[in-house]
Amino acid sequence: MTARFVEPLPAGLSLAQLHEVEGAGLRASQPPVQQLLDGWLVRLQPGKAKRARCVNALQEGERPLSEKLSLCQALYRAAGLTCYVRITPFSAPAGLDVELGARGWTVEDPTRVLVMPDVTTVPALATPTGIEVQQDVPAADYAQVVGTLRGSTAAQIEAHAERLAASPVPYRGVVWRAGPRWPGDGGPPGAVLACGQVACDGELAGLYDVFTAPAVRSRGLATALCASLLQDAAARDRARVGYLQVDAGNVAARRVYARLGFLDAYGYHYRVAPAGGGAPG
């Protein structure tokens with residue numbers, strides 16, 4: 001990946017570390033259906049997550065941009081998916097985002113990548129009273145839990161489970177459920193209150209699919225759950241650096257992560273062609 005980094009580097013982080021974080025994010029979200037096209041990584045996995053069904057512009061390649069875009073759009077059209085191009089500070093060629101904008105490709109889902117330089121500094125937070133903890137939840141079961149909370153379709157849940165099962169970077173899922181001592185809000189005993197996953201890749205620990213049931217938000221569950229996931233990654237996998245991706249407009253979540261010690265590192269977004277560039281996805 002060629003760096004054209006324009007944002008200020010957060011204190012305690014180097015450009016090399018952000019390269020590593022970006023690479024770890026790509027590996028952790030690797031779907032079973034993808035291919036390389038002249039230096040671009042084309043992912044074609046149906047489902048809810050755009051990162052599993054988008055183009056990642058990793059290298060400049062040799063083909064003219066118009067030709068490469070046409071080839072990508074044809075692949076997504078044949079797969080019945082919308083063609084999205086994920087734009088990061090590392091995207092190639094230089095000026096790709098500006099060029100796509102000039103061609104009428106619109107921006108969707110601005111996202112921030114947050115990084116914790118040292119996960120061993122995460123505060124120790126006790127699991128709230130009345131919660132039953134399920135550790136190491138299998139991929140298919142976890143996809144069902146978080147998909148149900150999000151209102152995902154059966155097809156989206158199945159695609160998520162396939163991606164987790166096929167990932168070269170192992171995920172560990174944790175689900176917090178209401179126990180007999182949990183107050184009545186949030187559902188009866190056994191109801192899912194919160195869930196999250198950690199994917200460890202060398203010294204990097206990525207948090208994914210963190211979700212809190214709407215009825216029990218603003219009670220510190222997400223903060224405590226994320227802290228426990230990072231502490232587990234440090235203890236079991238010797239992780240040193242944490243990272244995650246969060247909707248740029250999700251102020252509440254970003255506040256939670258800042259309290260844990262995450263720093264705002266860089267952003268990415270998706271570009272989509274006029275009229276979707278293919279079939280509705």
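A cavity is a set of grid points where a 1.4 Å probe fits but cannot get out. The exercises below apply to a predicted model.

**Exercise 1. State how many cavities of 30 Å³ or more there are, and describe the largest cavity.**

Solution. 
- Step 1: under the rule above, two cavities of 30 Å³ or more are counted.
- Step 2: the largest cavity holds about 60 Å³ of space.
- Step 3: its lining consists of Glu22, Gly25, Leu26, Ser29, Arg43, Arg51, Asn56, Arg86 and Gln245.
- Step 4: helix H1 (residues 15-28) is the main contributor to this lining, giving three residues.
- Step 5: by class, the lining of the largest cavity has one nonpolar, four polar and four charged residues.

**Exercise 2. Describe the largest pocket by its volume, its central residues and the elements that line it.**

Solution. 
- Step 1: the space in the largest pocket is about 1,400 Å³.
- Step 2: 48 residues line the largest pocket, and those closest to its centre are Arg150, Val210, Phe211, Gln245 and Asn250.
- Step 3: the helices that each supply at least two lining residues are H4 (139-150), H5 (154-166), H6 (221-237) and H7 (251-260).
- Step 4: strands E5 (106-116), E9 (204-212), E10 (241-247) and E11 (263-272) also each supply at least two.
- Step 5: the lining of the largest pocket comprises 23 nonpolar, 13 polar and twelve charged residues.
- Step 6: Gln245 is among the residues closest to the centre of the largest pocket, and Gln245 also lines the largest cavity.

**Exercise 3. Classify the packing of H4 against H5 and list the contact residues.**

Solution. 
- Step 1: the axes of H4 and H5 lie 8 Å apart, at an angle of about 140 degrees.
- Step 2: roughly antiparallel requires an angle over 145 degrees, so H4 and H5 are oblique to each other.
- Step 3: the crossing of H4 and H5 is right-handed.
- Step 4: H4 makes the contact through Ala139, Ala140, Ala143, Gln144, Val146, Gly147, Thr148 and Arg150, and H5 through Ile157, His160, Ala161, Leu164 and Ala165.
- Step 5: eight of these contact residues are nonpolar, four polar and one charged.

Notes:
Residues are numbered from 1 along each chain as its sequence is written. This is a predicted model: local features need pLDDT of at least 70, side-chain atom pairs count only at pLDDT 80 or more; totals for chains, interfaces and linings use all residues. Side-chain values use heavy atoms; hydrogens and water are left out. On a 1 Å grid over the protein atoms alone, a cavity is a set of points where a 1.4 Å probe fits but cannot get out, and a pocket is an open set with protein on both sides within 12 Å along at least five of seven lines; lining residues have an atom within 4 Å of a point. Grid points are joined across faces, edges and corners, and a volume is the space filled by probe spheres set on the points. Helices (H or I, at least four residues) and strands (E, at least two) are DSSP runs, numbered from the N terminus. Ala, Val, Leu, Ile, Met, Phe, Trp, Tyr, Cys and Pro count as nonpolar, Asp, Glu, Lys and Arg as charged, and the others, Gly among them, as polar. Axes are lines fitted to C-alpha atoms, for helices over the stretch in contact, and angles run from 0 to 180 degrees between N-to-C directions. Angles under 35 degrees count as roughly parallel, over 145 as roughly antiparallel, 65 to 115 as roughly perpendicular and the rest as oblique. A crossing is left-handed if the near helix is turned anticlockwise from the far one by less than a right angle, and right-handed if clockwise. Contact means heavy atoms within 4.5 Å.
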